[in-house]
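Look at the structure below before reading on. The report then goes through a few of its local features.

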Amino acid sequence: MASSEVPIWEEPARGFYADPGQFLALSGLDSLRSVLEGGSLPPPIRYLCGLQMSAVEPGSVSFTMPVSDWLLFPQGIVSGATLGFLVDLPLGCTVQTALPPATPFSTVEISFKFLRTVVARSGTLTARGRLIHAGKTVAVSLVEVADDAGRLLAVTSTRCTILPGIEAPWEVVEQALKNPPRLTEPAWPSPHPYQRPVKGEVLPQEIWDQRTGLEIMRALIEGELQAPPLSNLCGIVPFEAEEGRTRWKMPASEWLCTPVAGRLYGGATAFLAGTAIDGAVQTTVPAGTAFASMDLKVYFLRPVSPNGRDLVAEGAVIHRGRTVAIGTSEVFDADGKKVAVASGSALVLPGRPATVTTELTPPHPLDAAHDE
């Protein structure tokens, strides 16, 4: 990246936040229908990576996201952790469809089961939500992720805490009902980040064949190898690595915000937590060895402010067998407060190619690994 060029995460963020009046006046379902019909404009995460609501009905909300090359890691894949960008909104919004007006909720945890590898040729991903349970204090939803061909890529779930309803002043509710917003998309001065020419590199297979995972990680940290596209999109980078451990940082940019003003997208925190585990696993694999993430579970401990300061994730492998690695990670804000913890597992795949190219037409070996 040229030194004179402003990184994407330091550009003024594009996007809008939920209207408090609508939250107080409308049920969760009606509020989401209003969003789908143009009653409000998308939050920053939409403009960063193309995430977009596509359907709303009782107990179900769907979102789509294009698999742009911006989402690629050095292996040329969209990691399972990166699916956090896609699934967090449909998981939460599906719960929201069951809530009455002025009822806040908070995501406690997200779980992922990865079934197939996501690569650039996967096209547009669709995440369809389904409400499993909505009680007085706890709600559970499930989201399935599929590609353009209808292949199931991942199954995710969340548990949310339903908080006490807010006493809404009648004049605020009345104003929101009488004057529903009808907003117009601004004329932006440039393409949105995910629509721009991609910067960064996918590493050729020869490098993975010649170097261990730890050697590659250290070369990325030292700048000997060029950063992948995803690092240029959101600023995530490793900065420390030893065998079985990595540390990563990512700016808590407003680009990573939800429809709720002042709160970082939980899917972004999950992405960072999962990446730290993946990175730790990578440091344990010899040359010529790929690995495939199998699952991830992230617990959220406190909200994160989009203040532009670095989040830090520390990942560690706690078990490394011949074919399975298990890792954990912790995420801290810039003040050192722990904001999330995670655990995950991966298959170790000797002799499998690590790099996927967009020209690849047959199923990639990692797909077969997930099917075994």
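The text below covers confidence, a hairpin and some residues on strands.

This is a predicted model, in which local features need pLDDT of at least 70 and side-chain atom pairs count only at pLDDT 80 or more, while totals for chains, interfaces and linings use all residues. Residues are numbered from 1 along each chain as its sequence is written, and side-chain values use heavy atoms, with hydrogens and water left out.

The chain averages a pLDDT (the predictor's confidence in each residue, from 0 to 100) of 91, and 92% of the residues score at least 70. Over residues 358–366, pLDDT stays under 50. Where pLDDT is low, the predicted coordinates should not be read in detail.

Strands are DSSP runs of E with at least two residues, numbered from the N terminus. Strands S1 and S2 run antiparallel and are joined by five bridges; two strands pair if DSSP finds at least two bridges between them. Val56 has Val61 in S2 as its bridge partner. Two residues lie between the strands of this hairpin, where Gly59 takes a positive phi near 75 degrees.

Leaving aside neighbours within four places in sequence, Val341 is in contact (heavy atoms within 4.5 Å) with residues including Lys297, Tyr299 and Glu330. The C-alpha atoms of Val341 and Thr269 are 9.8 Å apart, with 72 residues separating the two along the chain.

How values were computed:
Helices (H or I, at least four residues) and strands (E, at least two) are DSSP runs, numbered from the N terminus.
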